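Hi,

Here is the structure I promised to send over.

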Amino acid sequence: MTTIGQNRWLPHVILILGVIVFVFPIYLTLIGSTHSAPVIARGDMPLTPGPHIIENYELALFSGVGDRVRGTPATLLLRNSLFMALAIVIGKILISLLSAFAVVFFEFPLRMFLFWMIFITLMLPVEVRMIPTYAVVSNLGMVNTFAGLTIPLIASATATLLFRQFFLTVPDELVDASQIDGAGPMRFFWSVLLPLSRTNIAALFVIMFIYGWNQYLWPLIVTTSRERETIVIGIVKMIGSGESATDWNMLMAIAVLALLPPVLIIVLMQRWFVKGLVEPEK
Amino acid sequence: MRRRTIFRGKLLPYLLLAPQLAITVVFFFYPAGQAVWQSLLIEDPFGLYSEFVWFENYQIVLSNPLYLEAARVTLIFSVAVTLFAMAPALLLALMADQVIRGSSGYRTLLVWPYAIAPAVAAVLWLFIFHPSIGQVGQGLRALGVPWDYRLDGGQALGLVIFVSAWKQVSYNFLFFLAGLQSIPKTIVEAATVDGATPTRRFVQVIFPLLSPTTFFLLVVNIIYSFFDTFGVIHAITQGGPGRATTTLMYRLYRDGWINLDLGGSSAQSVLLMSAVILLTVIQFRFIERRVHY
Amino acid sequence: MRKITSAFLASLLVVFALGSTAQAQPTEIQFWYALTGPLAEHTLAQVEDFNASQDQFRVVADFTGSYDETMVAAIAAFRAGTAPHIVQMFEVGTATMMYSGAIKPVFELFEETGVPFERDVFLPAVAGYYSLPDGSMMSMPFNSSTAVMWVNDDALTAAGIDPETVSLETWEEVFEVAQQVVDEGGADCGFSMAWPTWTQFEQFSAVHDVPLASLSNGMEGLGAEMMVNSELHVRHIQNLVDARASGAFTYGGRGNAGDGLFVSGECAIVQGSSALFARVDREAEFDWTMHMLPYYEGTPNAPLNSIIGGASLWVMDEPGRTDEEWQGIAEFFAFLATIDQAEKWHVDSGYLPIRFGIYERLMEEGFYDERPHLRIPYEQLTRGEATANSSGIRLGNLPQIRAIIEEEIELAFEGQQTAQQALDNAVERSNVVLRAFERAQR
């Protein structure tokens, strides 16, 4: 394929520049995880790795989180975060695929009204409705449960909108063809629509997994039991709240460790990002 | 937007929508309804005393000149964040779509910023831009720029715009890339064979095909800039210096979360929500007409 | 008949057995705390000590986020009927908690449970902050700090000032030294502060024996009005504006942002929390000393005691609490107030000793010889005879008032308004906030 033609290097130059600007803070985190805490806190941190890498990660992995976040070992924090993120992402994608499918491929009374009902949930952040939402979860007896933690976060306006946008681009011919074949709507959904949506599902999976992974406020309020504590709460607990010293070195090391599962998800989802999926010959 | 071909089914679409709607009604509409009800009350935080006051909370909010000042800041802030979050992301996605070697590497690297825990990201930006201890802050001062966002309102606004946009670039990049990669290759190749220059190819072929994604991102980014950025503002400037970075949502967050003024903050959320819904309806009615499906 | 009797006896046995197992099960007391890092560790250590000291009660401590977040969590839980027994709340939330009707006052708790408790052992500056004017204690003092002045001795030396002999007792001297440090290149910044409203208004007013607000800073009722536009306050802010123009003063930002300016060596003198010690100790690469807060020369009755910051423990009331639960809470508090536990807390965490006896004991042991940073805050807090202006602050929506004052003085520092205008605006806007709070508490 002839790329941009005139200049093969231009895309690489722009991408590398982009990576430098956008990944700089991540680089700093990595570098920070190899220095000692005072060096970081004073702002004296050089841009090159320091000598404390093994020590910091050892602390973070073995004694670190286990000790610091008393009684909540790092493995448990990571497991809780992983379960929460997976439940949220899978739930979101499933119910959004179904609702977008209904909105785009059917005609029924109240169609747009119901779509808007889902859509406006974007416009009232959880902080604003925290107290009433907590009351609902409490009335349902779901405080301190996994269901209470995840289900309220599963409704997704963004995912529904994204799939709607994508489904609208699916050529009518495909629908016609499947109707001529006598396939029902669900058959069409499974065998035509889902495979076509792969790149979008992959992108959404990555984004929503990270969304779930980074949830802080809701898990904090709705689960007070240490058994359900997540890695992000573990991190926040280590940041000094104004009056105490922060173990920046360890914090950075744990931030890097907390970054690994999302990165793993990105790498796993890579194979769905294959160009030309719509092409039959590919 | 309507499709030409649809499926028949009376019950099925409702069944498909049911799970999403059930969760939305129970965990969103019911609590949101309570918030609307609260906006008509003056109440103590613990809910032991309350007085029905009709629209007094709204009147208090709207008659405050500082609220209008915050609206002006919000306008500048939101336009800038949306622009700076989307334009670089589109450029990077176009580039990543073109390279053959190393594209998965770039993709992974460019999504990382989104994955870092927000609490850590805010601290990092302070480390980077702090006038005396930050790498970039010190650099700017060494270059003779009087960099001090703690007392320079313009710089403070610029900084929170930059950080808020930065957080969202990964998100936009990934969806632009997904959009680009689902464009059938044959179409782009046909345009190339016709001898279209890269710029023409982008303007006439790729961008129109990408417009559903762009529209999706436009809506999502505007909403993001309104509702999801108060964390950044709280961490970096706390609305200051003066009121230079106090957006409507930050005001709301502070009134509701720190000052525990439930009635006033609920009134503000109802106002803000109505404004954004209106804005979104306008986008769907007028901008979506230009979207090419 | 025998069958019935034996069945009866058997069931009696079962009842007794159940009774004894119920007794073996300790009563759980939920405690939500907001401290992080090493301070969280020390808090948990206190809890574990209590749990180990008896087997009737078990305190379960859970982290619920920052003070703000813990407050919202407690409110949400209270409204839903699942409030914890004890919640740690920062000092600015005192008025909100006290007037809420959602709490059980600590003095009542001790009266009703009969657990022995002496209010008099607590420092007046500590107990007073959390008491009604008649001395009834509303919450349990826990982590208390105060504001002090941190001085970088190396920066002073580099500017040709002898840190051994320098006097930094008055504001005049502080401004002079700060100016000299900058002029002579001892540091880039002479003077700064963290928590601007707390250090420059709340502490400043107490030290100078001037009111921050009417009605004894709000201690005597909800009708208080702000008084921060007095001649002294305006003069002070004007001095800061002038010092900023001449380079002696650098504004460090809201919250704890100013702390970083000290530990990095950027600023020679920084006013901040005494609890900053842990950071200074580990991060500062220079010799430093701790000084008491300065005062303006010629101010009658100054320097007076400073006031506390930090947090206290509140007991949340709720239908369905059992006598055992009240008993457990009271025992836990009484345990924290014992001289050994309170001393351990002071020594481990660096917070102030909240009761009498500790300072004297440690002084005698020579503990403070090497640790003046633990002694000075205490001495500043007990300096002089506390007046209505220096006993504490009880203003509703204090976090919002802090933000309003900071907004207005920032505009003065930027040169957009005069010091007088800034403080007049601050008073006017804060009073609106106070009236709103008053209205919601009826």
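Let me start inside chain C. In strand β3 of chain C, the residue that bridges to C:F31 is C:I86. Please keep in mind that this is a predicted model.

β1(C), residues 27-33, runs parallel to β3(C), residues 86-90, with 2 bridges between them. β1(C) also pairs in the parallel sense with β2(C), residues 57-63, this time over 7 bridges. To get from β1(C) to β2(C), the chain passes through helix α2 of chain C (residues 37-53), giving a right-handed β-α-β crossover. If you want a spot to look at in this pair, C:W32 sits opposite C:D62 of β2(C).

Next, the place where chains B and C meet. How many residues does each chain bring to the contact? Chain C brings 34 residues and chain B brings 23. On the chain C side, at least two residues come from each of these helices:

- α3 (67-80)
- α12 (259-263)
- α18 (398-413)
- α19 (419-440)

Finally, chain A. It is divided into two parts: domain 1 covers 1-68 together with 239-264, and domain 2 covers 84-231. The C-alpha centres of domain 1 and domain 2 of chain A are 32 Å apart.

Happy to go through any of this with you.

Best wishes

Terms used: Residues numbered from 1 in each chain as written. Chains lettered and ligands numbered in written order. Predicted model: local features only at pLDDT ≥ 70, side-chain atom pairs only at ≥ 80, totals over all residues. Pairing = 2+ DSSP bridges. Helix = DSSP H or I, 4+ residues; strand = E, 2+ residues; numbered from the N terminus. Right-handed = clockwise from strand over helix to strand, strands pointing away. Contact = placed C-beta atoms within 7 Å. Domains from an automatic or database assignment.
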